[in-house]
Amino acid sequence: MALSTESRMIAGVVLLTIVTIQVGGWFMTRIARGAVPMTDFQRSFARAGHGHAGVLVILSLVGLLYVDATNLTGALLWIARLGLPVAAILMSAGFFAASAGRNATEPNRFVWVLWLGALSLAAGVISLGVGLLIA
């Protein structure tokens, strides 16, 4: 199976982001040991942000294997190709940004980043799924 140049380049960048997820894992160990003062809400959002990053990066890589098997062109092709990697960034960033601040107990105004990531995820999987079904 050969990837297009665009998918191969995006996959390379996505693989490099795994280093940031590793750093996040180290940070999560500090949170678990109590070395980083956080509320229960902040801990839960940190876990969610870290977990979503890992899962969505893997899903992004799998999606890139499939996107070149579609007959999509133009904007739909790029939505299928980039929707998942962008969602991985936005959703994990949204969890962290929405819980930032001293003693936060509920999401702040940056929760919109999380919802933008959810929209990107939906657009990416719908366009890729439909693209595969009609190929």
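The model is predicted, and local features need pLDDT of at least 70, side-chain atom pairs count only at pLDDT 80 or more, and totals for chains, interfaces and linings use all residues. Residues are numbered from 1 along each chain as its sequence is written, and side-chain values use heavy atoms, with hydrogens and water left out.

The protein holds five helices and zero strands, where helices (H or I, at least four residues) and strands (E, at least two) are DSSP runs numbered from the N terminus. Its pattern along the sequence is accordingly written α-α-α-α-α. The C-alpha trace spans about 50 × 25 × 20 Å along the principal axes. Of the 135 residues, 36% are buried; buried stands for under 20% relative accessible area, exposed for over 50%, and partly exposed for what lies in between, with a 1.4 Å probe and protein chains only.

Packing of the helices comes next. Two packed helices are described by the angle between their axes and the distance between the axes. Here axes are lines fitted to C-alpha atoms, for helices over the stretch in contact, and angles run from 0 to 180 degrees between N-to-C directions. Helix 4 packs with helix 5 (residues 111-134) at an angle of about 155 degrees, and their axes are 6 Å apart. That angle makes helix 4 roughly antiparallel to helix 5 (under 35 degrees counts as roughly parallel, over 145 as roughly antiparallel, 65 to 115 as roughly perpendicular and the rest as oblique). The contact of helix 4 with helix 5 involves 20 nonpolar, six polar and no charged residues. In these classes, Ala, Val, Leu, Ile, Met, Phe, Trp, Tyr, Cys and Pro count as nonpolar, Asp, Glu, Lys and Arg as charged, and the others, Gly among them, as polar. The crossing of helix 4 and helix 5 is left-handed, a term used if the near helix is turned anticlockwise from the far one by less than a right angle, with right-handed used if clockwise.

Helix 2 and helix 3 also pack at an angle of about 155 degrees, with their axes 10 Å apart. They are therefore roughly antiparallel to each other, and their crossing is left-handed. Within helix 3 lies R43, which is partly exposed at 25% relative accessibility. R43 and I31 are 12 residues apart in sequence, and their C-alpha atoms are 7.4 Å apart in space.

Two or more lining residues come from each of helix 1 (5-16), helix 2 (18-32), helix 3 (40-67) and helix 4 (74-98). Helix 4 gives the largest share, five residues. By class, the lining has nine nonpolar, six polar and no charged residues.

N103 is found in the loop between helix 4 and helix 5, and N103 is exposed, with a relative accessible area of 59%. Most residues other than glycine have a negative phi. N103, although not a glycine, has a positive phi of about 60 degrees. V130 is found in helix 5 and is partly exposed, with a relative accessible area of 43%. V130 and L114 are 16 residues apart in sequence and 24 Å apart in space, C-alpha to C-alpha.
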